Amino acid sequence: MSTKSTDALSRLTNALKVLPNVGPKTAQRMAYELLQHKRAGAEELVAAIQAALLQVHHCRLCNTFCEGDLCDICADHERNPKRLMIVQMPVDVASMEAANCHDGLYFVLMGQVNPAQGADLQAIALEKLISRLQQYEIEEVIIATNFTAEGDATAYILSQLLQNFPAKVTRLARGMPLGGELEYVDAGTLAQAVYERRNIK
Ligand SMILES: [Zn+2]
């Protein structure tokens, strides 16, 4: 069956297109590279993807990726549970932790609202956030979305939603570079933006 290997190659090429910013040409180059020079790496990639799919879930409280019921931060009793910082992605939690400027807990939206594409609220974990806010006593909610058009739109949606809750609501100060994604802001600037956060409710 001479077509069999070709079919497997096309299947691999097609599967690789699931990766962000990978079109047909790049996918084909990747497939050739894996099969020609990186067979051991490809085996590890398959095993790593399978393990991650089985083991990685969303934290019950903050929605970030983790392997148990709760992530390390949510399970840490030293943190202040009454101060909740809302960020877009797990990488933002890592940036905040590196800046060492927030002693509370987090909620990770796992996305952002894109005003250019009709501001679809399904893009963020709003329902889980609402149930979190309803179930736990929170004194301050810090909105720490990116300073981009999408981050601003997401912050606006959140500020509207939070009108219905008694907690004080703040947002990071605009000391950050315009168009700034938290991920690329240095720790000192990020810490400053948290310390100088402003009340929005
Ligand atoms: Zn968590």
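Buried, as used in these legends, means that a residue has under 20% relative accessible area, while exposed means over 50%. The structure shown is a predicted model.

**View 1. The zinc ion is held by four cysteines.** The protein donors of the zinc ion are the SG atoms of Cys-59, Cys-62, Cys-71 and Cys-74, which lie 2.3 to 2.4 Å from the ion. Along the chain these donors follow the spacing C-x2-C-x8-C-x2-C, and two of the residues, Cys-62 and Cys-71, are both buried. The angles among the four donor atoms run from 104 to 120°, and the site is tetrahedral. For comparison, the ideal angle for four tetrahedral donors at a metal is 109.5 degrees.

**View 2. Helix H2 has a buried side and an exposed face turned away from it.** Helix H2 covers residues 24–36, and at 1.5 Å a residue its 13 residues should span 18 Å, which agrees with the 18 Å between its end C-alpha atoms. Within H2, the residues Ala-27, Ala-31 and Leu-34 are buried. Seen down the axis of H2, its buried residues fall within an arc of 70°, so they line one face of the helix. An α-helix has 3.6 residues a turn, and therefore residues three or four places apart point the same way. On the face of H2 turned away from the buried side, the exposed residues are Lys-25, Arg-29 and Gln-36.

**View 3. The side chain of Arg-171 makes a polar contact with the side chain of Thr-145.** Arg-171 is found in strand S6, which comprises residues 168–171. With a relative accessible area of 6%, Arg-171 is buried, because this value falls under the 20% cut-off. The contact between the side chains of Arg-171 and Thr-145 is at 3.4 Å, and the side chain of Arg-171 also reaches the backbone oxygen of Asn-146, at 3.3 Å.

**View 4. Gln-117 lies in a loop between a strand and a helix.** The loop that holds Gln-117 runs between strand S4 (104–108) and helix H5 (126–135). Is Gln-117 buried or exposed? With a relative accessible area of 64%, Gln-117 is exposed, because this value is over the 50% cut-off. The C-alpha atoms of Gln-117 and Ile-49 are separated by 30 Å, and these two residues are 68 residues apart along the chain.

**View 5. The domain assignment of the protein gives two domains.** Domain 1 takes in residues 3–55, and domain 2 takes in residues 65–199. The C-alpha centres of domain 1 and domain 2 lie 34 Å apart.

Key. Residues numbered from 1 in each chain as written. Predicted model: local features only at pLDDT ≥ 70, side-chain atom pairs only at ≥ 80, totals over all residues. Heavy atoms only, no water. Domains from an automatic or database assignment. Helix = DSSP H or I, 4+ residues; strand = E, 2+ residues; numbered from the N terminus. Expected span 1.5 Å × (residues − 1). Buried < 20%, exposed > 50% of the residue type's maximum accessible area, 1.4 Å probe, protein only. Arc of directions from axis to C-beta. Donors = N, O, S within 2.8 Å, 3.2 Å for Na, K, Ca; no water. Tetrahedral: all angles 85-135°; square planar, octahedral: opposite > 155°, others 65-115°. Polar contact = N/O pair within 3.5 Å; in protein donor to acceptor, adjacent residues only side chain to side chain.
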